[in-house]
Amino acid sequence: MLVLKLVLTSIALIAACGAGLAAELMPGFERSPYWNEQVRDGKTAEGIRYHINAPEMVHPDWPTAVVFYTTPNGNTVEQTLGCKMNSGLDWHYDIQHIAAQTRRLREITPNTNIILVCAEVNVPGIGRSWPSWRGKHPDNPALIKAFVEDTIKGIPGSKVDVILSGHSGGGSMIFGFLNSGDSIPSCVKRIAWLDANYAYSDGDKHGDKLISWLKADSKRYLIVVCYDDRNITLDGKPVVGPTGGTYRATERMRARLEKDMNLEHTVSGDVERYTGLDGRVTFIVHRNPANKILHTALVGEMNGFLEAMTLGTPGHGKWGGFGPPRAYTEWIQEAALSQSTPPAEVPKPEPK
């Protein structure tokens with residue numbers, strides 16, 4: 001009987017310690033009503049507003065991946081994170097669902113702390129636009145690099161890796177980061193442009209830096225998702241100019257990389273893939289035969305974020321595949337953490 005009591009007492013103590021450990025918050029974080037996650041909001045002096053979403057428990061002995069995801073033009077952080085649609089709710093809350101896709105990513109990525117940092121900017125008189133914010137801040141490369149470095153300070157983990165991703169105008173932030181030095185910092189392990197690489201430039205040596213970064217470490221990944229947007233129209237008018245759009249930007253990027261590596265071309269239905277370096281480089285190009293506007297569909301409806309985050313990992317394919325239906329609906333939260341933000345502005349045209 002005494003032995004049994006000792007065993008039961010030990011089990012109770014272990015459970016209590018575990019419960020206390022699970023409830024521990026990182027400094028400055030508070031508990032979210034959804035999945036008991038821990039969250040923190042902040043804003044830099046230069047106007048980068050951000051929301052950090054971390055799992056309930058961040059294990060200090062696990063590797064940590066901090067995913068920086070930058071918002072598209074005209075969208076708030078809350079809209080980018082997403083929530084279930086309710087009557088009267090702005091439709092922007094239902095197009096990306098980066099929070100839900102991150103939760104699905106955590107589900108299929110064991111023993112890794114996955115922390116999401118969703119960031120927006122809002123330029124007075126212009127609106128939410130990373131390209132416009134960069135234009136207002138000539139020192140934007142240094143500001144962006146400092147934002148990334150300051151954010152990951154103190155984050156627990158056996159090692160802390162950075163992942164850079166974004167959609168639409170949010171991809172401009174990644175190029176700003178690339179412009180911050182002659183090389184890409186070693187902490188960056190994955191870069192994913194989700195129909196967002198408008199600002200790619202050989203003149204700024206983006207290709208040179210990406211190639212050097214990729215070849216320096218066999219665990220680094222580059223993913224680009226786009227669609228053939230050359231002839232899409234809105235209200236009868238062309239959306240992109242004769243040299244604009246992500247399809248052409250992807251062609252420029254791919255042409256530069258092919259000078260230094262072989263890219264294998266495959267086709268499956270309406271989707272083309274160009275892959276190299278044993279799959280560490282992947283270009284996903286939707287042929288868009290129906291000439292539709294697939295800009296946001298690539299991210300949310302087609303699970304583009306999940307595809308970009310899992311390529312080259314054991315979790316790839318465990319959640320589904322690139323294309324509909326959504327593979328994360330059970331992880332969509334009931335409501336946004338804050339729905340007091342004003343409706344999104346009409347997105348301004350992307351830089352051509």
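On the surface of this predicted model, Leu-234, Val-239 and Ile-293 form a nonpolar patch whose accessible area together is about 250 Å². Patches are built from residues with over 30% relative accessible area and no salt bridge, like charges being joined within 9 Å and nonpolar side chains (Val, Leu, Ile, Met, Phe, Trp, Tyr) within 5 Å; accessible areas come from the Shrake-Rupley method with a 1.4 Å probe, and for residues only the protein chains shown count as cover. Ile-293 sits in the loop between strand S13 (281-286) and helix H9 (304-310), where helices (H or I, at least four residues) and strands (E, at least two) are DSSP runs numbered from the N terminus. With a relative accessibility of 43%, Ile-293 is partly exposed, the class between buried (under 20% relative accessible area) and exposed (over 50%), with a 1.4 Å probe and protein chains only.

Residues are numbered from 1 along each chain as its sequence is written. Because the model is predicted, local features need pLDDT of at least 70 and side-chain atom pairs count only at pLDDT 80 or more, while totals for chains, interfaces and linings use all residues; side-chain values use heavy atoms, with hydrogens and water left out.

The average pLDDT (the predictor's confidence in each residue, from 0 to 100) of the protein chain is 91, and 89% of the residues score at least 70. Over residues 1-22 the pLDDT stays under 50, and the model has four contacts beyond four places in sequence for this stretch, a contact meaning heavy atoms within 4.5 Å. Residues 339-352 also have a pLDDT below 50, and that stretch has 33 contacts in the model beyond near neighbours in sequence.

Helix H8 (residues 246-257) has twelve residues and spans 16 Å from its first C-alpha to its last, close to the 16 Å expected at 1.5 Å a residue, the expected span being 1.5 Å times one less than the number of residues. Among its buried residues are Thr-246, Ala-249, Met-253 and Leu-257, and the cover over the buried residues of H8 includes helix H6 (171-178), strand S7 (188-194) and helix H7 (206-215).

Gly-157 is found in the loop between helix H5 (140-152) and strand S6 (160-167) and is partly exposed, at a relative accessible area of 25%. Its C-alpha atom is 7.7 Å from that of Val-58, although 99 residues separate the two along the chain. Apart from neighbours within four places in sequence, Gly-157 contacts His-59, Pro-60, Trp-62, Thr-64 and Asn-113.

The model has 20 salt bridges, each defined as a side-chain nitrogen of Lys or Arg within 4 Å of a carboxyl oxygen of Asp or Glu. Some of them are listed here.

| Pair | N to O distance |
|---|---|
| Arg-49 and Glu-120 | 2.8 Å |
| Glu-107 and Arg-104 | 2.7 Å |
| Arg-230 and Asp-228 | 2.8 Å |

Arg-49 is partly exposed at 25% relative accessible area, whereas Glu-120 is buried at 3%. Arg-49, Glu-78, Glu-120 and Arg-128 are linked in a network of salt bridges.

Glu-107 and Arg-104 both belong to helix H3 (residues 98-107) and are three residues apart, about one turn of the helix. Glu-107 is partly exposed, at 41% relative accessibility, while Arg-104 is buried, at 13%.
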